[in-house]
Amino acid sequence: MIYQAGSKESNDCLITIKESSETKIHIDSIVGHLFYDQILEAVKETLKEQNVENVDVTVEDKGALDYTIRARLIVAIKRMKKNV
Amino acid sequence: MFRSLLFIPGNNPSMLQNADIFMSDGIIFDLEDAVDINEKDNARNLVETYLLTTKDLPKTIVLRINPVNSLFIEDDLQLLMTRKIDYILLPKSNMISLYVLDNTLSFLERKNNFKKIKLICLIEEAKAVNEVEEIAKHTRVEGLLLGAEDLTNELEVERTTVGNEIMYARSKVIFACAANQIIAIDTPFTDISDEEGLEYDCSNAKALGMKAKTAIHPSQLDIINQVFSPTKKMIKWAQSVVKTYEKTGKGVFQYENKMIDKPVIEKAKKIIEKAKTFDLL
């Protein structure tokens, strides 16, 4: 089962999350060449803050700011937790 | 004090990230009509993280919550925990919804040691127009916003640029606000491409007594701010009147062949205050 939040509109990102045997993070960003590390850090930090482990997270980023990535990931996690 | 409030859909990152650079005196972050029912959590979370992590926020922040009888109200009000919200905009206001929200806010204030949370009530139903004087008297209410789209929908009348169909409701809102010294905020003009119509609508609303207007697009802000600001001529007149009053100390005097007394001096002072607030002085 996958859970999503966000969109592929400009300045937004689509987060897809699903349970996994280990934590995996995939980032596909239009600004990845500049901000890959920053996006990765935002995802890792948010997962830690939300006490989430063993998930597969995909970020399809269209230039979202840091707080947008965090907000979308939090909603995706909440949607997942609600249904688990 | 504000002239313009811009609606921004809570789930729109592009608009959110530019919220502080738009020329509006305040921003209304909308969690209600502009957000799809399946995206309420996304919008709420986005606005929350924006408010908590952004350094340069808009001067005035208004949050339009969902109606008090909706499933979303409890979560929407959690955004008060950010302590960044200046006003809650209550949709579908009437004495019952105001009573319910007031009780909830009083509880949240006690629990979280909040200052008194201020409200702007959206007058968008015939029932609200009938109850507008009572709504305006409520100690939490600092402004009324006329919502003409829902209202004319309920009345089954067409919205026009001239606005005769909302004249009664507009006037009721204006008088209720004036009597209770709160701000009367006009309904948005929904044709984004019609600048002439917007200017007419603003001038008409201002002439009746509206003090501010909402915008649904940043391109409307220039005209709204211009119309709802005191003109250079008015500011100059007000400065001269106040200067003469302070110099002579007289309560009644003549200026440019017109009698100036207490109400006129008060009017001049208000114009100067507005001009200062809006950086026109």
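What share of the contacts in chain A between residues at least 6 apart in sequence join residues at least 24 apart? In this predicted model, the share comes to 75%.

**View 1. Chain A, with two helices and four strands.** Walk along chain A from the N terminus and the elements come in the order β-β-β-α-β-α. Chain A has 84 residues, and a compact globule with that count would have a radius of gyration near 12 Å; chain A comes in at 12 Å, so the two agree. Laid along the principal axes, the C-alpha atoms take up a box of roughly 35 × 20 × 20 Å. As for burial, 37% of the 84 residues in chain A are counted as buried.

**View 2. Helix H1 (residues 32-49) of chain A packed with H2(A).** The two helices meet at an angle of about 40 degrees, and their axes are 10 Å apart. Which hand does the crossing of H1(A) and H2(A) have? It's right-handed. On the H1(A) side, the contact is built from Gln38(A), Ile39(A), Ala42(A), Val43(A) and Thr46(A). H2(A) answers with Asp66(A), Ile69(A), Arg70(A), Leu73(A) and Ile74(A).

**View 3. Where chain A touches chain B.** Chain A puts 14 residues into the contact, and chain B puts in 11. Which elements of chain A give two or more residues to the side that touches chain B? They are strand S1 (3-6) and helix H2 (66-83). H2(A) supplies the largest share of that side, with seven residues. As for the predictor's own scores, the complex gets an ipTM of 0.89 and a pTM of 0.92.

**View 4. Chain B, with 12 helices and 10 strands.** For the 281 residues of chain B the globule rule gives 19 Å, and the radius of gyration is 20 Å, which is close, so chain B is as compact as a globular protein of that length. Its C-alpha atoms fill a box of roughly 65 × 45 × 35 Å along the principal axes. Buried residues account for 42% of the 281 in chain B. Among the contacts in chain B with a separation of 6 or more, 68% come from residues 24 or more positions apart. On confidence, chain B averages a pLDDT of 96, and 100% of its residues score at least 70.

**View 5. Glu154(B), a residue in helix H7 (residues 148-155) of chain B.** Why does Glu154(B) count as partly exposed? Because it has 13 C-beta neighbours inside 10 Å, while the exposed class stops at 12 or fewer and the buried class begins at 20 or more. Which residues is Glu154(B) in contact with, leaving aside its neighbours within four places in sequence? Those are Glu125(B) and Ala126(B). For a sense of distance, Asn45(B) is 109 residues away from Glu154(B) along the chain, and their C-alpha atoms are separated by 32 Å.

Technical notes: Residues are numbered from 1 along each chain as its sequence is written. Chains are lettered from A and ligands numbered from 1 in the order in which they are written. This is a predicted model: local features need pLDDT of at least 70, side-chain atom pairs count only at pLDDT 80 or more; totals for chains, interfaces and linings use all residues. The radius of gyration is taken over C-alpha atoms; the globule rule is 2.2 Å times the number of residues to the power 0.38. Two residues are in contact if their C-beta atoms, placed from the backbone, lie within 7 Å. pLDDT is the predictor's confidence in each residue, from 0 to 100. Axes are lines fitted to C-alpha atoms, for helices over the stretch in contact, and angles run from 0 to 180 degrees between N-to-C directions. A crossing is left-handed if the near helix is turned anticlockwise from the far one by less than a right angle, and right-handed if clockwise.
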